[in-house]
Structure formats: C-alpha cells, structure tokens
Amino acid sequence: MWRVAAVRRRTIVRGVTALVVVADVLHGQVRVVNMIPPMFGNETTWNPEPSIAVHPTDRGLLAASAFLLGTDVCEGTAVSPILVSRDTGATWSIVCALPTPGLAGMPPSDVVLRWGTRGRRLYAAFIWSLPDHPQSLQLFSTDDVFAPHPMQFVMGHDLVDQPDLLVIDRKGHDRVMVSGSYKNADSTPQTAAILWADDPKRGTAFTRIGLEHRVIGGQNFAVRLAAHPSGRVYAMYDAVPAVLDTSNTTFLDFVVARDDLLGASKNPFEALREQPRPSTPPICPIGDGLPGVRVVRCRPFAYDAFGASGNAFGFQRRLPVLMSVATDPTDRRGNTVYVAWADSSGADHQRVTVAKSSDGGQRWGLLLSIPNATNPSVAVDNLGRLGFLFQQLAIDSTANRWVTRLLVSRDNMKHAREYVLASTPALAALVRVQPYIGDWVELHTRGSEFLGVFSAANIPDSTNFPNGIVYQRRVSLKSGRLLARQPVDSSVSGNQIAPSIDPFFFRVGPAESPGCASLRRAVRAGTAPPPLTALPHEISDSATRRMTQLGCDR
C-alpha cells in the first residue's frame, strides 16, 4: 500500500539559520514495510543494523540483511539467513545464504550486501569469529540469490571491524572494495584500509590500500565508501587526533580521501592533500600537505559503548563509527560530494551533520546539523536531490521516541521535503544488547526514488507510522499487538508476541508508471499470480512480468 505523505511545514533550527521543511505531497509516495516474513512470525529477538542491496537492472529484486539467527529455518548452526524481495520491497522472504559455522546465540555482525555492477552476482561481507580466526572479515558471493545452497567463500581477514562494501564497474568486470578498520599485527593505530580485487573468487589476491598517513592518537574506527561513474572513489574515515589529550574525552577528526582511477592510481587515494586554512580550535591546525582532507578537526564525541546514559539517549550506545558519503551522479566530473557524521556539542549530547564539497573534496561547507540524533546516511538521486536519513530522539512525557526521518532537498538543505518514516518508543524492556537500534541505517537511490532500511521497535500501532505501515507477520493494529504465527485463538493473551527491534524497508519515490493500473487489472482478471520469488524470465504471463519490471504495486 502506498501513502501520499501528509503535508507538514515546520522549522528546524540549525545554528543561526533555519531549514524549512515541507512534506512532499505531489511528487513523493511512501511505503514502509516491516521486513520480518510470516515464517519468522514468532520471533522476538533483536534484529537491528539492516543492509540493503538494490539490483542495478531488475527494479523488483532487492536483497537485505539484519541481525537474523534463523536457526529454526536454516541449517541449524551452520547457515544464517538474508531477506529477498521480488516485488520492490512489498514483501520479503527468507533465503539461507550466509555460512556461519558454530552459530550459537548471536548472528553474524556488520553484514553488508551489494550487487555486482550488472546484477549477475551478489556479494556479502560480514564479521564472524571462527576458531583461531577472531573477529574475522568474511567475503562471500553467489550468482543465484535463490540457490538452495549457501553463498561461496571468497576471502577472509582476521581482526576487522565495521566493514563497508563497494562494487564498481571496470570495463564489464566487478571491482570489489572492502573497507574497514583492519587491526595491524604491530598494534599501530593507523587501521583505515581498503582491500580490492576484480571479479574475486576463492584464492584471488586482494590489493591492500592504507588510508591513514598521519600520526594519530587512536585507531581509525570505520571507513565508508562511495563511487562516481567517472571513476572517482571517495573514502571517509575518522581518527583520534594525537594533538589532544584523550584520556577523559574522545575527540575525532573526520577525513575524506579520493582516488580518480577506481583505486588503481600510482599513489592510490592520495588525490586530495590538505591546503593551509583556518582551524577551530587553533590547537588543531589544518593544512599539513598530507593525503586526506580533514573536513572538521578535534570534534568531541560522547563515547558510550554500553548505553550507560540510558533513557537520556533512548537506550542507544554511541560509538565513533557513524559516517556516510555520497556522490552526485548529475555532476559529470564527480566533483560534488556529500558527507555526514555524528559528533557532540556537549559531554552527553550527540548531533548529526551534513557537509558538501563542490571541488572534489578539497573545500567543505556545512549544510545542516540535527540535534539529539544518530545513524546519518546520505544519497543523491538522478535529479541531483540530496537525501538525508537519520534517527532523532524526541523527548516525550511518557516515553522518549526514536523518530526516523528522511529529508530530501534540491537546494543544499535550505528547504527540504520531510518524510517521517517511523516514530517508535524507546523502551527499557526492549533493550537486549547494544546497540538498541543499531549503529547504522542505509539510504540508496534508484533513478528518482529513495530506498533504504532502518531498525525500530516493532509495536504495531498505526500512530507510530505516519505514512502507513505494512506488516507481513500477524498483527492487530487496533490493539497494538503482535500475534503468534499460528494462534489457536487470537483473543487469548498467550497468542501475543512480545515486541522487539525489527528491520524496516522504505521506498520514497514518484508515482507508479502510468501503465501500472491497466497491467494490474489484466493480472487480477487472469490466473493466480506467480510466487514472488520468481525471476522475470520465469514469469510466463506478460502483464505480470511487465509489472515486475516496472516496480508496480501488486
């Protein structure tokens, strides 16, 4: 079900200026879907940190992941599931895909999925500890996302945190880049690095690129990647500056590096070097001539690995891994790039900020800061519109709420259309482990559509979802209850399932294709529709096949 976003207009203070927010009523339609399929209808576990892969040619085909155990569906303690949609995210099904031997109680972490550039192959990177291989980065791939066997091993690397995965076209081949914080054998703090290879398979040698060229006071916590069709690749990472005493407070530099030849330059990711310019505070100078431009320096960060602040920050932990980077496909040369990050304006406060560069990352201007927020993600569509997804804590008299919001702007966030995707309570009863709602969300574009995933409390109250909500699992929106998968009597309290944290998919985009309505009528007048797992070439009915290709609502 599509919902046209209700009109809202209000002002969000950002320093001395204001962002005017108007919800999109003419051009944008919103779909929000709880991704837990009926097969998992009885689960009450913690399922944050979703990732989504948008197929480059098949509009209907999406693959996603989250913290999913699947031990009652997949091969016991050997394989973990991913989620796959054949209808542009309207419904999701389980595919047992990720080999995780010895699985017991916790699913694989930091899972990232990406399609190959022509959609022939799906790649998955995640962290999984094996005997004698602690905190091991695992990279797998498959040429058939619906195959009855798990994905195939490509490579592993021990002691890695916060991987990101980027697949770029190189003359018809997949150049696969896996970034992360690669812990060094000699314990040196410069851990920001990228491993890359073309069309990798088991045994392929990967090239390693170290990104950090400075003396720093602590490790690089994470690296995020973005590519432009011109061949430019941007990497954003953070570092603890050596210039400040960090014994009591964590400080961070946020850095952007660039390569202009898909990572294969003679000196890879050294296209950007700092030029002298004023710095605040003065103790943190900018302009040392080294590779990597520091967008901002010495930003305080309210480090809280275990959610010790409790309800003051919605039971959510705070780690210095909250970053995002995106290029503008309408800029032919790839000079326009956006970044977002989280830092603090006080000892116990976190905000998210967006900045833009129009000269390939050399100079930056701040666009917008959102108070009391986390999990920033940016993306740019083929109209040059910037999308900014984040989760903001709203202080409520009964229970604080996590509000998941998407802002879409054509004019550098001076004005924006706002989509409130969810507004769910932050409840102590739902805190199982940290992070409460995960350490990231994902935002992507396809044409002029924005697609993404986030995690939130799954309480089925329609007031929690202003633009509507679709559940696949059995729920009662009237009573706000999750119902058991196969109840004896829905009025019996024993059939009620306890709430938890679930992954949600959303799609914000233009109205359906004009041909969708007539196609839908033709399909409904015909025979039973094919299963949603069917690939387009497997669908014999031409009208149904065309609906799948257009991304029509069924």
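Buried means under 20% relative accessible area, exposed over 50% and partly exposed in between, with a 1.4 Å probe and protein chains only. By that test, eight of the nine residues of strand 27 (residues 386-394) are buried, so strand 27 is largely enclosed by the rest of the structure. This is a predicted model: local features need pLDDT of at least 70, side-chain atom pairs count only at pLDDT 80 or more, and totals for chains, interfaces and linings use all residues. Residues are numbered from 1 along each chain as its sequence is written, and side-chain values use heavy atoms, with hydrogens and water left out. Helices (H or I, at least four residues) and strands (E, at least two) are DSSP runs, numbered from the N terminus.

**Strand 27 and its partners**

- Two strands pair if DSSP finds at least two bridges between them.
- Strand 26 (residues 373-380) runs antiparallel to strand 27, and six bridges join them.
- Threonine 374 faces glutamine 391 of strand 27.
- Five residues separate strand 26 from strand 27 in a hairpin, and glycine 384 in the turn has a positive phi of about 80°.
- Strand 28 (residues 401-409) is also antiparallel to strand 27, through nine bridges.
- Arginine 405 in strand 28 is the bridge partner of phenylalanine 390.

**Nonpolar cores**

- A nonpolar core is a set of buried Ala, Val, Leu, Ile, Met, Phe, Trp, Tyr and Cys residues joined through side-chain atoms within 4.5 Å.
- The largest core has 42 residues, of which Trp341 and Phe388 touch the most other members.
- Strand 23 (residues 337-346) gives the most to this core, with six residues.
- Another core of 23 residues lies apart from it, with Leu421, Leu443, Phe450 and Phe506 among them.

**Aromatic contacts**

- Rings of Phe, Tyr and Trp (its six-membered ring) pair if their centres lie within 6.5 Å; planes under 30 degrees apart count as stacked, over 60 as edge-to-face and the rest as tilted.
- The structure holds 11 aromatic pairs.
- Phenylalanine 126 and phenylalanine 140 are stacked, at 5.7 Å centre to centre and 15° between the planes.
- Phenylalanine 126 belongs to strand 10 (residues 122-130) and phenylalanine 140 to strand 11 (residues 133-142), so their pair ties together parts that are 14 residues apart in sequence.
- Phenylalanine 126 is buried at a relative accessible area of 0%, and phenylalanine 140 is buried at 5%.
- Phenylalanine 454 and phenylalanine 506 make a tilted pair, 6.2 Å centre to centre with 40° between the planes.
- That pair links distant parts of the chain, 52 residues apart: phenylalanine 454 is in strand 31 (residues 449-457) and phenylalanine 506 in strand 35 (residues 501-509).
- Phenylalanine 454 and phenylalanine 506 are both buried.
- One aromatic cluster is formed by Phe454, Phe465, Tyr471, Phe504 and Phe506.
- Arginine 318 places its charged end over the ring of phenylalanine 313, 4.5 Å from the ring centre; the test is NZ of Lys or CZ of Arg within 6 Å of the ring centre and within 35 degrees of the ring normal.

**Open sheet 32-33-34**

- Three strands form this open sheet in the order 32-33-34, with antiparallel pairing.
- Strand 32 (475-476) and strand 34 (496-497) are the edge strands, each pairing on one side only.
- Two bridges join strand 32 to strand 33 (residues 481-483).
- Valine 475 stands opposite leucine 482 of strand 33.

**Helix 1**

- Cys516, Leu519, Arg520 and Val523 are buried in helix 1 (residues 516-524).
- These residues cover an arc of only 100° around the axis, which puts them on the same side of helix 1; the arc is that of the directions from the helix axis to the C-beta atoms.
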